[in-house]
Amino acid sequence: SRPEAYGQEQPEGQSLVNIADISLRAAEALKASRADAGEAYVTRSTKRKAVAKAGAVESVERNDTLGASVRVLRGARCGFSWTSDVSKEGLREAVESALAASALADRDESVRFQEADVKPAALDIEFEDFESVPDEERRRLALEISDAAHAATPLLLHAETHYTDWTSEAAVATTHGFLGVTRLGGAYGFCEAVVKLNGEKQ
């Protein structure tokens, strides 16, 4: 979707505006380079996890990642580069690395990048904002999975239970003026169990 449309349709996802801005800066670096055309893909993800053992929460963790990849097309040769440095200089260096890689690639006349903006589909999708979920709720869910595992069988000797939720954001921009943004999220839980069956641990 267009940046302005994104801001109107999903005001709760303000972090996406920053992702879009980074991808647009990368597209500008591509335009200023020796590339015939190019695209930038910027991603940010957050994973939050609670782990329980022996009926008690052992840890609550959070992991954040942010990075940008660029693809360039020069003389029908495609090059790729990735960086975790999304500063203006970091993006410029990523573009130069992609150009250097393209010099080693075979020619491919079929490579094309998105040239026109695409109207986003009107999808009735509800997005769960896991960022607003307190860690105490993650602890509770990890313990709930643990309680369910212990209640399921008297053979259980040990259980390590996990509750995890995640959010992933991405933006892509091309030198032709295309910009697209997206946001995904999910949650899951699981149990790693040790039981004693027929006298053996399994």
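This is a predicted model: local features need pLDDT of at least 70, side-chain atom pairs count only at pLDDT 80 or more; totals for chains, interfaces and linings use all residues.
Guide: Buried means under 20% relative accessible area, exposed means over 50%, and partly exposed is what falls in between. Arg34, for one, comes out at 44% relative accessibility, so Arg34 counts as partly exposed.

Visitor: Which residue does Arg34 meet in a salt bridge?

Guide: First the general idea: side chains of opposite charge can pair when their charged atoms come close. Here the side chain of Arg34 meets that of Glu96, at 3.2 Å from N to O. The pair links distant parts of the chain, with Glu96 in helix H3 and Arg34 in the loop between H2 and E1, 62 residues apart. Glu96 is partly exposed too, because its relative accessibility is 31%.

Visitor: And Glu131 with Arg48: where do the two lie?

Guide: Those side chains form a salt bridge at 2.9 Å, N to O. Glu131 sits in the loop between H3 and H4 and Arg48 in strand E1, so the bridge ties together parts 83 residues apart in sequence. Glu131 is partly exposed at 42%, whereas Arg48 is buried at 3%.

Visitor: Now helices. Which residues of H4 are buried?

Guide: For a helix, look at where the buried residues point. In H4 they are Arg138, Leu141, Ala142, Ser146 and Ala149. They cover an arc of only 135° around the axis, which puts them on the same side of H4. The face turned away from that side carries the exposed residues Glu136, Asp147 and Ala151.

Visitor: What covers the buried residues of H4?

Guide: The cover includes strands E1, E4 and E5. Take Thr164, which is in E4: at a relative accessible area of 1%, Thr164 is buried. Beyond its sequence neighbours within four places, Thr164 is in contact with Lys47, Arg48, Lys49, Gly186, Ala187 and Tyr188.

Visitor: Which residues touch the most other members of the largest nonpolar core?

Guide: Val70, Val72 and Val95, out of 23 residues. H2 gives the largest share of this core, seven residues. Apart from it lies another core of seven residues, including Ala50, Phe130, Ala142 and Tyr163.

Note on methods. Residues are numbered from 1 along each chain as its sequence is written. Side-chain values use heavy atoms; hydrogens and water are left out. Helices (H or I, at least four residues) and strands (E, at least two) are DSSP runs, numbered from the N terminus. Buried means under 20% relative accessible area, exposed over 50%, partly exposed in between (1.4 Å probe, protein chains only). Contact means heavy atoms within 4.5 Å. The arc is that of the directions from the helix axis to the C-beta atoms. A nonpolar core is a set of buried Ala, Val, Leu, Ile, Met, Phe, Trp, Tyr and Cys residues joined through side-chain atoms within 4.5 Å. A salt bridge is a side-chain nitrogen of Lys or Arg within 4 Å of a carboxyl oxygen of Asp or Glu.
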